[in-house]
Amino acid sequence: VFGFGTALPVVAFIAYGARLVDPKVWLQTVSGRPLNMGKLINSIFWNLEGWDAISACTGLVRKPRESIIPRGLFISLAATSLQYITVLLVAAGVSEQ
């Protein structure tokens, strides 16, 4: 239930924003305006929150290396990467028009 509740805003953002995406926007540049590194870094690390919690969780699992941790890390890395790329493509592709 918690996972569904936390994923719902992301899915809603992607579903709503996908209708507004203009792929030509991805390749546009604005001359004379510097790159806002703060927004770039914020968007890069937005989906990486929580990776530090794995060390706390492994203490609760018996034989973590042999049981669930490697598979769980791989699945969560794949899901997080897919979500990360999809959200950034939608956010970067929304046209002002």
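Student: What makes α1 a bent helix at Leu8?

Tutor: The bend at a residue is the angle between axes fitted to the seven residues ending there and the seven starting there, and for α1 at Leu8 this angle is about 30 degrees. A proline, Pro9, follows within four residues. The model is predicted, so local features need pLDDT of at least 70 and side-chain atom pairs count only at pLDDT 80 or more, whereas totals for chains, interfaces and linings use all residues. Residues are numbered from 1 along each chain as its sequence is written, and side-chain values use heavy atoms, without hydrogens and water.

Student: How many helices and strands does the protein chain have?

Tutor: Helices (DSSP runs of H or I, at least four residues) and strands (runs of E, at least two) are numbered from the N terminus. The chain has four helices and zero strands.

Student: Why is Leu27 called exposed?

Tutor: Exposed means over 50% relative accessible area, buried under 20%, and partly exposed in between, with a 1.4 Å probe and only protein chains counted. Leu27 has 76%, and is therefore exposed. This residue lies in the loop between α1 (2-18) and α2 (37-46).

Student: Is Asp22 buried, partly exposed or exposed, and why?

Tutor: Its relative accessibility is 22%, so Asp22 counts as partly exposed. Asp22, too, lies in the loop between α1 and α2.

Student: Which residues does Asp22 contact, beyond its neighbours within four places in sequence?

Tutor: Contact means heavy atoms within 4.5 Å. Asp22 meets this criterion with Gly93 and Ser95. Gly93 is among the buried residues of α4.

Student: What does Ile14 touch, not counting residues up to four places away in sequence?

Tutor: Ile14, which lies in helix α1, touches Thr86, Val87 and Val90. Ile14 and Val90 are 76 residues apart in sequence, yet 6.5 Å apart in space, C-alpha to C-alpha. Val87 and Val90 are also among the buried residues of α4.

Student: What share of the 97 residues in the protein chain is buried?

Tutor: Buried residues make up 9%.
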